[in-house]
Every structure is written in C-alpha cells, then in structure tokens.
Amino acid sequence: MEHQKIDELVAKIKVLEAELEAELHQEYEKFTCEITKKREEILASYRKERLGTLRYLLTAPILHLLSSPVIWSVLIPALILDAFVSVYQWVCFPIYKISKVKRSDYIIIDRHRLAYLNIIEKLNCLYCSYFNGLMGYISEIAGRTEQYWCPIRHASRVKFMHNNYKKFFDYGDSENFRQRIAELREDLREEKE
C-alpha cells in the first residue's frame, strides 16, 4: 500500500524529531548547569567578547547598515498580521471546535539575556526570534485551518509541509475525503500543541 510506506516514513521522522528534541534538551540542560556553576566566570568572559555598539557600527559593511531599515520595516506588517491571525483564531477556532494554538510555544524571546551581545545584536535577535516564531505560530494556525476545511495533499511536490499535512488525503481521493473528513476535524479538537 502506498499509504503504509508514507505512514512508516512519517513515523520514523517523528521518532527522529523526538530524539533530536531530547538531545537538544539535554545539551540545554548541560549548558544551564554549567552556567549556574560558573555564572560569574562566564559573564566576565561574555562581556570581554562583546563587541561595543560603536565599534560594531563602524565595522559593519555599509550595505548591511543601508538595508537595515528595509528589514525593520517588515516588523509593522508582521505585528498587524500577528494581531489579525490571533483574532481569527480566537473568533473562529471555538466555532469550528479546533483547539487553539498557544502563541508562547512558538514565539520565544530569550536571546536578549546573552551578555556577549551588544544592544544592536540583541535587538536583531529579538526581531528574528519574534518574526520566525510568528511564522511558526501562523503556520500552525493555517495548518489546523487547512486540516478542517481542505485536508487534501497537493498533486505537485510541496517544499514545506506543516505538521498536519501528513494526515491529509491524497490528491484525487474523493472517497476518503467524503468518508473521513469528520475524523480529521475531530482530531483537531483533541490536538494539544
């Protein structure tokens, strides 16, 4: 069966993702233990490694400086998109009985605490953390919406698949779509991210 091979591959990917997450968590735990033990020593080292703001600006390539307003201008539409998508979820998900996506699981702001970053680097990290987290948050909301309304795989190869895509019906599989769409909708009620 075609689906069996796909399901096996998806299961293997999930196992590897869980293993990777566990390994990354172990590394993080080691790092936090190390920080606790050597906090002052590490902080002194970080401060020594920090590139001063003025020096950072003076040594930055001119094109980087000139392009920064373009990069930062995207923040305004991102904030608006964040607000609209959040309102959409708050209004529509209860109507469709879809469990809500927890924003704080996706938008993680913590890099600003690193003492080896100067204020500009911290702001850049803040921007990237927010923006990339926002994209993940929106992708999860969109994925749940797509699972509810149109859980059909594309005929063409998809470069990026959100977490719910693997559950979708094959392109052209009208029988399963009609018979099993209620199951996929029910699955969204129980889903806890």
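Okay, one definition before we start: when I say two residues are in contact, I mean they have heavy atoms within 4.5 Å. And please keep in mind that this is a predicted model.

So, let's begin with helices H4 and H5. Helix H4 covers residues 62-73, and its axis comes within 5 Å of the axis of H5. The two cross at roughly 10°, and angles under 35 degrees count as roughly parallel, so H4 and H5 are roughly parallel to each other. Who meets whom here? On the H4 side we have Ile 71, Trp 72 and Ser 73, and they meet Leu 75, Ile 76 and Pro 77 in H5.

Next, H5 and its other partner, H6. H5 is residues 75-96 and H6 is residues 119-149. At what angle do H5 and H6 pack? It's about 30°, with the axes 10 Å apart. That makes this pair roughly parallel too, and H5 passes H6 in a left-handed crossing.

Ser 129 sits in H6. Is Ser 129 buried or exposed? Its relative accessible area is 7%, so Ser 129 is buried. Setting aside its neighbours within four places in sequence, Ser 129 is in contact with Ile 108, Ile 109 and Arg 111. Glu 121 is also found in H6. With a relative accessible area of 19%, Glu 121 is buried, because the cut-off for that word is under 20%. Leaving out neighbours within four places in sequence again, Glu 121 touches Tyr 56 and Tyr 116.

Now for the loop between H5 and H6. Lys 97 is in that loop, and here's something to look for: Lys 97 has a positive phi of about 60° although it is not a glycine. Lys 97 is partly exposed, at a relative accessible area of 47%. Ile 98 is in the loop as well, but Ile 98 counts as buried, at 5% relative accessibility. What does Ile 98 touch, not counting residues up to four places away in sequence? That would be Phe 93, Arg 144, Tyr 148 and Leu 188. Also, Ile 98 and Gln 147 are 49 residues apart along the chain, yet their C-alpha atoms are separated by 10.0 Å.

Last topic: aromatic rings. You describe a pair of rings by the distance of the centres and the angle of the planes. The count here comes to 8 aromatic pairs. Take Tyr 148 and Trp 149: the ring centres are 5.0 Å apart and the planes are at 75°, so this pair is edge-to-face. Tyr 148 is buried, at 13% relative accessible area, while Trp 149 is partly exposed, at 44%.

Then there's Arg 185. The charged end of Arg 185 sits over the ring of Tyr 148, 4.2 Å from the ring centre. Arg 185 also lies over the face of Trp 149, at 5.5 Å from that ring centre. And finally, Trp 72, Tyr 127 and Phe 131 are linked into a cluster by ring pairs.

Methods. Residues numbered from 1 in each chain as written. Predicted model: local features only at pLDDT ≥ 70, side-chain atom pairs only at ≥ 80, totals over all residues. Heavy atoms only, no water. Phe/Tyr/Trp six-rings, centres within 6.5 Å; stacked < 30°, edge-to-face > 60°. Buried < 20%, exposed > 50% of the residue type's maximum accessible area, 1.4 Å probe, protein only. Lys NZ or Arg CZ within 6 Å of the ring centre and 35° of its normal. Axes fitted to C-alpha atoms, helices over the stretch in contact; angles between N-to-C directions. Helix = DSSP H or I, 4+ residues; strand = E, 2+ residues; numbered from the N terminus. Parallel < 35°, antiparallel > 145°, perpendicular 65-115°, else oblique. Left-handed = near helix turned anticlockwise from the far one by under 90°.
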